[in-house]
Amino acid sequence: MLIKNKPDLTYADITPKALYMGRRNFLLGLGVTAAAVKLYKNLPYVFAAKPTGSVPVPLNNIPLSKYTTTGEKITPEDDVTHYNNYYEFGTDKDDPAKNAVNFVTRPWTVSVEGEVTRPRKFSLEEIMQLAPLEERVYRHRCVEAWSMVVPWIGYSFSALLNEVQPTPKAKFVAFQTYYDLRQMPLGPEAGIQLPYVEGLRLDEAMNPLTLLCFGMYGETLPNQDGAPVRMVIPWKYGFKSIKSIVKIKLVSGMPPTTWNLYAPDEYGFYSNVNPNRDHPRWSQATERRLGEFFRRKTLMFNGYGDFVASMYAGMDLMKWY
Amino acid sequence: MDAFLKSKWTKRALFVVCLVPLGDLIWIAFTGGLGPNPITFVEHFTGDWTIRFICITLAVTPLREILRQPQLIRFRRMLGLYAFFYACLHFSTWFGIDNFFDFHAIAKDIVKRPFITVGFTAFVLMIPLAVTSTDRMVRRLGYKKWVALHRAIYVIAILAVVHYYWLVKSDERRPIRYGILVAALLLWRVGAWVRDRRRRQARPAAAPRETATPVETA
């Protein structure tokens, strides 16, 4: 018996020989196109002068701190170095990585002054050696409702305060970022008043979680992440964690802070992470962790309430945002 | 020039050109260029192209007169529909990906966040314009009513600029640039309207201006 099956393929389905033979040319064409596009997009860099700025160097044998946050997946370093708010180097997220390549951060001096018994100008090397460096993984929540998890390197800021000894008049700490138009020509376009200034209440500054930070991911800080020295205050919105510090001043009154000066109704002095207190223009109830698809719920004090909530006992946090 | 503008191939070519931004976005996505926060990237990218197409659409009428190329009108509908197309991509990214159909959060944001309220209003206002963009709908509505309805694009353009302006944190250069552009495009229309009214008063017998006549230097 002759079994006649209907063939799956007919002659009509056969790829024409020329096409079949041409597939390599097609692939080659694709490759050439991709290479050409890549070259075109990289052209500005091909002809650009070699970067002249400071680059990160390894920090070896840094022990893990007891204040490190556990149970969080660390954000890829490439994301943390290419998604920055550092308005002195441009206001787009990928600007600082591009524009801070010529930023020179050596030599560097940090002046600690004001209501302290022992005011002093520290060189970077001196201030780095005040206390043993340790690694701390912290959640970092931006006021723009995105977040990341970063392994910072530094020591509790309280060690510096103990060194300079605040006088009884000292109630707040005022910080100031480096600002130099030659190194930061895009500064005037930022729309905010520069140099960047920030502040903390003295007890906030003394909290063990408050980190004076010199590095991340096993290296000194990259320029776009606030080299060579910055603050990291994990229970507050990211903009409180001031970058590239040149001045720390102990003062008796609440110091001005950059974003509060710009829009007082949107950015308060405290700026604690608070899912219940929305930014007037967007909700703070949820956030997008870089690398994740779904939004996640924002935690009160960014999940650090056990360490910091007592400092705000009795305060109306809707009013003192 | 007229033959070029009237050619169906010109229109077809423009149709493809208007898809280039979308192709660019797909290319960026497949070459890993969306960056650490891809959803926000897509939102900003599609938002940028929406406002650009709104401006391009609004530029057609002034360009017809300034360049004395009345045939440019042939492309206006398509450009407007492309503005709506990119607005749809923008809206659905926000609605379906960023907020993942969380209707509660979305409804709250639309009511509570002024920048979302105006953006959403602009998007909703675009829908009737897209729906009534066919020749049949023009006939059904009657030309006068249709024109009146489609003046909503002026409001949409202003809302789009406000939406952008209220979104940015401190560097307002880009929204202000779009604001200036939209203001110029709308002021040109005010100027044209004043000019036409004067002309009509001066020559009451003249036929009302229906489509653009070359500008007379008076």
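A crossing is left-handed when the near helix is turned anticlockwise from the far one by less than a right angle, and right-handed when clockwise. This is a predicted model, in which local features need pLDDT of at least 70, side-chain atom pairs count only at pLDDT 80 or more, and totals for chains, interfaces and linings use all residues. Residues are numbered from 1 along each chain as its sequence is written, while chains are lettered from A and ligands numbered from 1 in the order in which they are written.

**View 1. Chain B is built from eleven helices and zero strands.** Helices (H or I, at least four residues) and strands (E, at least two) are DSSP runs, numbered from the N terminus. Along the sequence, chain B reads α-α-α-α-α-α-α-α-α-α-α. Its C-alpha trace spans about 60 × 40 × 40 Å along the principal axes.

**View 2. Helix H4 of chain B packs against helix H11 of chain B at an angle of about 25°.** H4(B) covers residues 38–66, H11(B) covers residues 173–202, and their axes lie 10 Å apart. The pair is therefore roughly parallel (under 35 degrees; over 145 is roughly antiparallel, 65 to 115 roughly perpendicular, the rest oblique). Axes are lines fitted to C-alpha atoms, for helices over the stretch in contact, and angles run from 0 to 180 degrees between N-to-C directions. H4(B) and H11(B) cross in the left-handed sense. From H4(B), the contact takes Ile51(B), Cys55(B), Leu58(B), Ala59(B) and Pro62(B). From H11(B) come Tyr178(B), Leu181(B), Val182(B), Leu185(B) and Trp188(B). Contact means C-beta atoms, placed from the backbone, within 7 Å. By class, this contact of H4(B) with H11(B) holds ten nonpolar, no polar and no charged residues. Ala, Val, Leu, Ile, Met, Phe, Trp, Tyr, Cys and Pro count as nonpolar, Asp, Glu, Lys and Arg as charged, and the others, Gly among them, as polar.

**View 3. Helix H10 of chain B meets H11(B) at about 165°.** H10(B) runs over residues 152–167, and the two axes are 9 Å apart. H10(B) and H11(B) are therefore roughly antiparallel. Their crossing is left-handed. On the H10(B) side stand Tyr154(B), Ala157(B), Ile158(B), Val161(B), Tyr164(B) and Tyr165(B). They face Pro175(B), Tyr178(B), Gly179(B), Val182(B) and Leu186(B) of H11(B). This contact has ten nonpolar, one polar and no charged residues.

View 4. The crossing of the two is left-handed.

**View 5. An open sheet of five strands in chain A has the order S2-S1-S10-S5-S6.** The pairing is mixed; strands pair if DSSP finds at least two bridges between them. S2 and strand S6 (197–201) of chain A are the edge strands, each with a single partner strand, so one side of each lacks a neighbour in the sheet. Neighbouring strands are turned by 15° against each other on average, direction ignored.

**View 6. Strand S1 of chain A (residues 109–114) joins S2 of chain A (residues 120–123) by four bridges.** S1(A) and S2(A) run antiparallel, and a hairpin of five residues links them. Val110(A) stands opposite Phe122(A) of S2(A). S1(A) also has four bridges to strand S10 of chain A (residues 245–251), this time parallel. There, Val112(A) is the bridge partner of Ile248(A).

View 7. Most residues other than glycine have a negative phi, and most peptide bonds are trans. The bond between Arg106(A) and Pro107(A) is cis, with omega about -5°. Asn61(A) has a positive phi, near 55°.

**View 8. Chain A touches chain B through 18 residues, which contact 14 residues of chain B.** The chain A side counts eight nonpolar, four polar and six charged residues. Chain A itself divides into domain 1 (16–47) and domain 2 (77–312), with bounds from an automatic or database domain assignment. The centres of the two domains, taken over C-alpha atoms, are 45 Å apart.

Key: Contact = placed C-beta atoms within 7 Å.
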